[in-house]
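Colleague: I would like to learn how to read a model like this one. Where do we start?

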Amino acid sequence: MSAPAIDITGLTKTYGRDRGIEDINLQVDEGEIFGFIGPNGAGKSTTIRVLLNLLFPTSGKAQIMGMDVVRDSKKIKYHTGYVPSDANAYPHMETEEFLRYCGRFFRPDGNGRRINELTELFEVDRKRKISDLSMGNRKKISIIQSLLHEPKLLIVDEPTMGLDPLMQSRFFELLRSENRKGMTVFFSSHTLSDVQMLCRRVAIIREGRIIKVEEIETLRKRQLKKIYVEFNGQEDNPLMGLQGIEDTPLVSGRTVKFLFSGDINRLLSTLSNRNITDMTIEEPSLEEIFMHYYN
Amino acid sequence: MNSNLFFRELRSNAVTLLIWTAVITALTALTMSFYGVFLENNQKILAMISILPEGTLQFKGISDVDDLFSVLGFYSANNVIYMLVLGSIYSIVLSSGILLREEYNKTAEFLLAWPLTRGEIFFSKAAVVLLNVLVINIVTAIAGYITLEIVKREPFSRDAFLVMTLYTLLLNLFFASLGLFMSTLVKRAKPITTLSIGLVLILYFIFTISNITESLSAIGYVSPYKFVNLDTLNPNYGIEFISVLYFAGLTMLLTMTSFRLYRRKDIYL
């Protein structure tokens, strides 16, 4: 049986007195698309930077494909691609020059064929200077460089930030197609919908600790919606009898706000008997989901 | 060492090298072009020097007024400013930024995700620093030699010129290793250019103060300039073993310590 794509045991990283990550335990199977979600500052990037050996662990260990992230860092990187959250590539370089530079770390010829293939897919102008590119285009370059050497493991940190919906969908399709060929994806994001769209399992990190590793299907079954209902006048107990309310509804004037995870038809049918003037259904923020799950 | 990284770094630093080399060469040539006028007005200049405060010549690295009127003495007095100070500033600014730039531009996230060991990154960049420092020293020395040949009124010692050039190179390499060392000590990525320039100027200032004031002569040993001998007209002028040991030893020590620190350095972005 082959080693897990990522195997983290008791990993802690502290910055002096500041918290980094604490006692992280995580296994990502070979060939899966694994989500890693948490709010900003939760420790996602710190975990990734330890995996890539930008940071050294304070304690614990991490392995990628059975190799130690500190000792075997160079070997690991021949098989790993990385899309950083800040797409700050070398600004004075032209796109093609940068991609060939990246490619030459893996193959002496810079892998021009793969550059052509990916730049066409993402509609990238290869003659433009990186400093002249928009945030979205810089992100595309960042994605392309991570896939040039057809890695066995792709680590992506907030990859959709700055990408327009069309490019997001192309990127997701590419990830799925590379995944079908065997590539493992470690997908770090604070956007739950992105993670839900792609991943089989997800780890939730908060304040440096993994608080839950869950099948995405389980999350989906308990899918929460944030509901705002504005009533036409004061009603006593307007949500009486409604099943699926996951928190204590907040009443502000004539508006009631609550988290709902039940049958949406039953919600609409219950509300149709009330005198309402407006209704909004929203995706709850990750923070709200955290509060719901872990309070 | 990784050739892809090495050549990339070499290219990205080429313009800066060209500008610094051109400026120092032009300044040297311009200054040496005044040598003829200087000689023709030696009496006026001697009278002017006599009213200057004691120690002014030492400030320029000259121990004897007569040295100023030899072509090599005139060259070395100005070379102090151009290559010993400007060359050192170039060396330390280049070396202190070459690793750190990746951190404060956040390109380290790409660099460290490629299949490279920390050692390969360090030595590829250190090799670029070494090559650039060698190039600026060789080119400015050749340019200096040509100007000496053009403006000289009587022969000068080529050996003394070579020795002085070697001292300059040793000093510049020392500052280059000091820059690398400083950059590995910086925890959070930030440019350290100002600090690097300030350090060279402070060390030069300590040296000149120690030359001017007898009671402060001991503190001169804090400065590497103290180990640079510019007494080119001294018949025994040559490379001193203690100076070579000092510069080579410290340069090696700082470079290897920097490497050890960089190998274990957390890269914060």
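Modeller: Start with a cut-off. Two residues are in contact if their C-beta atoms, placed from the backbone, lie within 7 Å. Keep in mind that this is a predicted model.

Colleague: Take helix 7 and helix 10 of chain B. Which residues meet there?

Modeller: From helix 7 of chain B come B:Arg118, B:Gly119, B:Phe122 and B:Ala126. Facing them in helix 10 of chain B are B:Thr255, B:Phe259, B:Tyr262 and B:Arg263. By class, this contact has four nonpolar, two polar and two charged residues.

Colleague: How do I describe the geometry of such a pair?

Modeller: Two packed helices are described by the angle between their axes and the distance between the axes. Here helix 7 (residues 118-151) and helix 10 (residues 241-263) of chain B have axes that come within 9 Å. They cross at roughly 140°. The crossing of helix 7 of chain B with helix 10 of chain B is right-handed.

Colleague: Now sheets. In what order do the four strands of the open sheet in chain A lie?

Modeller: The general idea is that strands of a sheet pair through backbone hydrogen bonds, either parallel or antiparallel. In chain A the order is 2-1-4-5, and the pairing is antiparallel. Strand 2 (18-28) and strand 5 (67-68) of chain A are at the edges. Each has a single partner strand, so one side of each lacks a neighbour in the sheet.

Colleague: How many bridges join strand 4 and strand 5 of chain A?

Modeller: Two, in the antiparallel sense; strand 4 of chain A covers residues 59-64. As for residues, A:Gln63 has A:Asp68 in strand 5 of chain A as its bridge partner.

Colleague: Which residues touch the most other members of the largest nonpolar core?

Modeller: That core has 71 residues, and the ones to pick out are A:Leu51, A:Phe98, A:Val185, A:Phe186 and A:Phe187. Follow A:Val185. Beyond its neighbours within four places in sequence, A:Val185 contacts A:Ile33, A:Phe34, A:Leu154, A:Val156, A:Leu175 and A:Asn179. A second, separate core has 53 residues, including B:Val133 and B:Leu230.

Colleague: What does chain A look like overall?

Modeller: Chain A has 10 helices and 14 strands. Its C-alpha trace spans about 75 × 45 × 40 Å along the principal axes. Of its 295 residues, 40% are buried.

Definitions and conventions. Residues are numbered from 1 along each chain as its sequence is written. Chains are lettered from A and ligands numbered from 1 in the order in which they are written. This is a predicted model: local features need pLDDT of at least 70, side-chain atom pairs count only at pLDDT 80 or more; totals for chains, interfaces and linings use all residues. Axes are lines fitted to C-alpha atoms, for helices over the stretch in contact, and angles run from 0 to 180 degrees between N-to-C directions. A crossing is left-handed if the near helix is turned anticlockwise from the far one by less than a right angle, and right-handed if clockwise. Ala, Val, Leu, Ile, Met, Phe, Trp, Tyr, Cys and Pro count as nonpolar, Asp, Glu, Lys and Arg as charged, and the others, Gly among them, as polar. Two strands pair if DSSP finds at least two bridges between them. A nonpolar core is a set of buried Ala, Val, Leu, Ile, Met, Phe, Trp, Tyr and Cys residues joined through C-beta atoms within 7 Å. A residue is buried if 20 or more other C-beta atoms lie within 10 Å of its own, exposed if 12 or fewer, and partly exposed in between; C-beta atoms are placed from the backbone.
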